Amino acid sequence: MNNNKKKPLAITKNGIKKLALSKYITFGNHTDDHVLCSNCNSFELIQEIGKCENKLKMIVGDKYINYLAYPNGDFDKTTISILKKTNITYAFTTNPILISRDIDFYKIPRAGVPDKTSQPENLL
């Protein structure tokens, strides 16, 4: 999955280090190359999760937590099985469901924040 083209960065390493200074921020996994988890075989997904974890731990140390946000919200039963084997304890989807006490910890909904909206719109 590694090509020779330089990928554009959403944030720099220094940006991550600055965020890590906040007592309110922790960092979880999102895979190394933003792969769609359900398109990976077991080996590929384990590699993607491991690479991301190692990179984040080198940058933020103990601010890394064993949570994963599925890229594009995509996952399947195999994905969840692999997450459990890699010690991921919570995973976040993009499924628009309400959280309840009996939520599956590998199907927690998350909401995206659009780039081109105002702060009040995003808060709503």
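Asp62 sits in the loop between H2 and S2 of this predicted model. With 73% relative accessibility, Asp62 counts as exposed (over 50% relative accessible area; buried is under 20%, partly exposed in between; 1.4 Å probe, protein chains only). Helices (H or I, at least four residues) and strands (E, at least two) are DSSP runs, numbered from the N terminus.

Residues are numbered from 1 along each chain as its sequence is written. Local features need pLDDT of at least 70 and side-chain atom pairs pLDDT 80 or more, while totals for chains, interfaces and linings use all residues; side-chain values use heavy atoms, leaving out hydrogens and water.

**Around Asp62**
- Asp62 lies 35 residues from Phe27 in sequence, and the two are 9.2 Å apart in space, C-alpha to C-alpha.
- Gly61 follows H2 and has a positive phi, near 60°.

**Helix H2**
- H2 covers residues 42–60, 19 residues in total.
- From first C-alpha to last, H2 reaches 27 Å, close to the 27 Å expected at 1.5 Å a residue (1.5 Å times one less than the number of residues).
- At the N-terminal end, Asn41 caps H2, with a side-chain oxygen 3.0 Å from the backbone nitrogen of Phe43.

**The two sides of H2**
- Leu45, Glu48, Ile49, Cys52, Glu53, Leu56 and Val60 are the buried residues of H2.
- They lie on the same side of H2 because they cover an arc of only 120° around the axis (taken from the directions from the helix axis to the C-beta atoms).
- An α-helix has 3.6 residues a turn, so residues three or four places apart point the same way.
- Phe43 and Met58, on the other side of H2, are exposed.
- The cover over the buried residues of H2 includes helix H1 (13–20), strand S1 (27–29), strand S2 (64–69) and helix H3 (77–85).

**Thr79 in H3**
- Thr79 is located in helix H3 and counts as buried, at 1% relative accessibility.
- Neighbours within four places in sequence aside, Thr79 is in contact with Cys37, Ser38, Leu45 and Tyr70 (heavy atoms within 4.5 Å).

**Largest pocket**
- The largest pocket holds about 890 Å³ of space.
- Among the 20 residues lining the largest pocket, Leu9, Ala10, Ile11, Ile16 and Asp32 are the closest to its centre.
- A pocket is an open set of points on a 1 Å grid over the protein atoms alone, where a 1.4 Å probe fits, with protein on both sides within 12 Å along at least five of seven lines; lining residues have an atom within 4 Å of a point.
- H2 gives the most to this lining, with 4 residues, and H1, S1 and H2 each supply at least two.

Definitions and conventions. Polar contact = N/O pair within 3.5 Å; in protein donor to acceptor, adjacent residues only side chain to side chain. Points joined across faces, edges and corners; volume = space filled by probe spheres on them.
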